[in-house]
Amino acid sequence: MRAQSSAITAPPIAVTAPPRSRGFGTLQAALGVVAFSLTFPATAWGLEGFGPWSLVAVRSVLAAVIAGGCLLALRVPPPARRHWPGLAVVAAGVVLGFPMLTTLALQTSTTAHAAVVVGLLPLTTALLSALRTGARPSRTFWAAALVGAAAVLAFTVQQSGGALSTADVYLFGALLICAAGYTEGGRLAGAMPGWQVIGWALVLCLPLTVPVAAVALTVEPVWLTAHSVTGLLWVAAGSQFLGLIAWYRGMAAIGIPKASQLQLAQPLLTLVWSVLLLGEHLPLAAPLTAAAVLVCIAVTQRARG
């Protein structure tokens, strides 16, 4: 997920909302975070029966079928030409790049270790949005964001032993391109409904994901189990479509920087799901990290940009 936003020349789109809608926007962004927190455990389940390329390609195709059906049923007109470059960034970041890189990482990494990506994603998204949209959050906001990111990073790095592996390279690459996709998606959600942003991005990828899925399913072995099918369906419908709808609507309502800081809670939610769904061990440091992160979230949500 490379930061492609610098290549976009369309004029910035406002992402502000009236005060009465900000509370609902915060709730929507939070729902998106909950959906995303299940992505890594669901991916681990999916990898029990699918190869990495099959899992990513099929999830994208299924999500595109759902999104395309909604677009057709509601007779939504295609986006304006000036929005397509931004949609391409969303597609490269959140539809293709992030799922592929994190799925490859989860072949050798635990979900708890992979949470380092999500822990650093809010700060990276806020930085890219400041460059892309001209947002200027306050010093208090940045201080709380840095402290929260540092707490999550220290927690996850300590748990991994500080070793840099191939999985870490995948995860850091995923971090960069996903932040670019989130930034463009939140920006575009100020001009069209959030579900249309991800919907058109998914449809845009179909010429690539359909043939890749067809080839991958013939090359990689497939074992259909309750876990693998459930994991595939969640990452397709929940993470790839429904979660992103709520997320982009939330970003459009409360702004990209503030919404991105809600994701500081995502690694800790992922750890909870990892224990409940995968049987992974929950480190003793998790409660302390959770408390620090919640304080940082409260500060960023109250800081004036």
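Predicted model: local features only at pLDDT ≥ 70, side-chain atom pairs only at ≥ 80, totals over all residues.
1. Ground rules. Residues are numbered from 1 along each chain as its sequence is written, and side-chain values use heavy atoms, with hydrogens and water left out. Local features need pLDDT of at least 70 and side-chain atom pairs count only at pLDDT 80 or more, while totals for chains, interfaces and linings use all residues.

2. Helix α3 covers residues 52–73. Helices here are DSSP runs (H or I, at least four residues), numbered from the N terminus. R75 follows α3 and has a positive phi, near 55°.

3. α3 against α4. The axes of α3 and α4 (residues 84–105) come within 9 Å and cross at roughly 150°. Axes are lines fitted to C-alpha atoms, for helices over the stretch in contact, with angles from 0 to 180 degrees between N-to-C directions. The two helices are therefore roughly antiparallel. Angles under 35 degrees count as roughly parallel, over 145 as roughly antiparallel, 65 to 115 as roughly perpendicular and the rest as oblique.

4. Who touches whom. On the α3 side the contact includes W53, L55 and R59; on the α4 side, L96, P99 and M100 are among the residues. Contact means heavy atoms within 4.5 Å. By class, the α3–α4 contact has nine nonpolar, two polar and one charged residue. Ala, Val, Leu, Ile, Met, Phe, Trp, Tyr, Cys and Pro count as nonpolar, Asp, Glu, Lys and Arg as charged, and the others, Gly among them, as polar.

5. α3 against α8. The axes of α3 and α8 (residues 194–219) come within 7 Å and cross at roughly 140°. The pair is therefore oblique, and its crossing is left-handed. The contact of α3 with α8 divides into 19 nonpolar, six polar and no charged residues.

6. Aromatic pairs. The whole structure holds six. Rings of Phe, Tyr and Trp (its six-membered ring) pair if their centres lie within 6.5 Å; planes under 30 degrees apart count as stacked, over 60 as edge-to-face and the rest as tilted. F40 and F98 have ring centres 6.4 Å apart and planes at 20°, so they are stacked. F40 lies in α2 (residues 39–46) and F98 in α4, so the pair ties together parts 58 residues apart in sequence.

Key: Left-handed = near helix turned anticlockwise from the far one by under 90°.
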